[in-house]
Amino acid sequence: MTTSASTGRPAAKRKPLFRYTDGPLPNILAMTYSLAGYVVGIGLLLADSWLLKAGGTLLLAHAMIIGAYLMHEFAHGTIFSSPQHNARAGAVYSWMTGGCYAEFQDLRRKHMRHHVDRADVLTFDSKQFINGLPVGVRKLILALEWAYIPAVELLLHGYVILLPFLSDSEKQRARRPAVATILVIRIAAFALLGWLSPAALVLYAVAWLIMITVLRFTDAYQHTYDAFAVLEEGDIPADKLRDRAYEQQNTFSNLVSLRWPALNLLLLNFSYHNAHHEKPVAPWYRLPALHASFYSDGYRQVVPMRELVSSFHRHRLRRVTDDDYGQFGDGPKRADNFYGAVGVSFLTAV
């Protein structure tokens, strides 16, 4: 037993860096891929060949997708044993994904409410806001959404940036210098990229929009929770029993593929969502086995993404304005009237 030289007491045992003993290899690989893919992807955007530029755009988009899902893991504390290490790493990846205008702990707090309250708790009701806009502005937003430009997410990200300057709350006023600094740094970085290559700047924006679209497609069909627009620390109505049975009945595992489960790694296994909600502290690389132990492929809540693509396309405007998620039914066309959710990304703390 080692002792402290100054006190003679047993020295405190140092925590391992990673929370789980099987975590170092998969987590190092995922983090390295995301960070390296981000840097290499930007480098490829600056290449002369348009083939390399296209490859760089896809690599950059996927690196940011994995970065976003790593943020989700950091929020649940499944990677590092220390909450401080998870928070610092989450802040790093929030810069990559554009979620850095809110503090990582605020992003985490919002997401934890989603698990604890078993509801989508929002402080900004995008549907009410859009439906209350002048007709011309509302039509512009819907036209962008029709063209697969995620206008709602752009609104939410813009709201996060503007909120400290619009709100009179002490907490938000205190955020103004940090948000202003982040804006200056990011605008300068994007200006430099645009100066090096205007095409690279445009393709960076395309890669970011691809990331947002992939995340919103995944998010859209993972829950039919009730959504509540409340104040930041407000309570949701106790109008029904939201227990574990409610949680599982209103959660869906929209798997990338049943036939080739390895393809779910493209989303860091985030699509094993029932398993994640059954055991939120289970790390991403254990979710396939956990899913197999709880559910069969015929479980009603398992909905392969190929069943959802048509609904995502056909209901892309209805999803933005309607108050409900549509209906998930039974049979071969069970998802035809499943509109899905919008504006529930964990990248925005609203």
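The model is a predicted one.

The structure contains six cavities of 30 Å³ or more, and the largest cavity has a volume of about 220 Å³. Its lining is made up of 16 residues, and those nearest the centre of the cavity are His 111, His 114, Asp 120, Val 344 and Phe 346. By class, the lining of the largest cavity comprises seven nonpolar, six polar and three charged residues.

The second largest cavity holds about 60 Å³ of space. Met 71, His 72, Ala 75, Phe 104, Leu 107, Arg 108, His 111 and Phe 346 form its lining. Helices α2 (50-76) and α4 each contribute at least two residues to that lining, and the largest share, four residues, is from α4. Five residues of this lining are nonpolar, two are polar and one is charged.

Attention may now turn to helix α7. This helix spans residues 151-166 and bends by about 35° at Val 160; a proline, Pro 164, follows within four residues. Val 160 and Pro 164 both belong to the buried residues of α7, which also include Leu 156, His 157 and Ile 161. Among the elements that cover the buried residues of α7 are α5 (126-131), α6 (135-146), α8 (170-196), α9 (198-220) and α14 (318-321).

The last topic is the aromatic rings. A pair of aromatic rings is described by the distance of the centres and the angle of the planes. The structure holds 20 aromatic pairs. One of them joins Tyr 69 and Phe 346 in a tilted arrangement, with 6.1 Å from centre to centre and 55° between the planes. Tyr 69 lies in helix α2 and Phe 346 in the segment after α14, so this pair ties together parts that are 277 residues apart in sequence. Both Tyr 69 and Phe 346 are buried.

Another pair, formed by Phe 217 and Phe 312, is edge-to-face, with 4.9 Å between the centres and 65° between the planes. Because Phe 217 belongs to helix α9 and Phe 312 to helix α13 (residues 309-314), the pair connects parts that are 95 residues apart in sequence. Phe 217 is buried, its relative accessible area being 14%, and Phe 312 counts as buried at 11% relative accessibility. Phe 217 and Phe 312 also belong to one aromatic cluster with Tyr 221, Phe 252, Phe 328 and Phe 338.

Methods:
Residues numbered from 1 in each chain as written. Predicted model: local features only at pLDDT ≥ 70, side-chain atom pairs only at ≥ 80, totals over all residues. Heavy atoms only, no water. 1 Å grid on protein atoms, 1.4 Å probe; cavity = no way out; pocket = protein on both sides within 12 Å on 5 of 7 lines; lining within 4 Å. Points joined across faces, edges and corners; volume = space filled by probe spheres on them. Nonpolar A, V, L, I, M, F, W, Y, C, P; charged D, E, K, R; others polar. Bend = angle between axes of the 7 residues up to and from the residue. Buried < 20%, exposed > 50% of the residue type's maximum accessible area, 1.4 Å probe, protein only. Contact = heavy atoms within 4.5 Å. Phe/Tyr/Trp six-rings, centres within 6.5 Å; stacked < 30°, edge-to-face > 60°.
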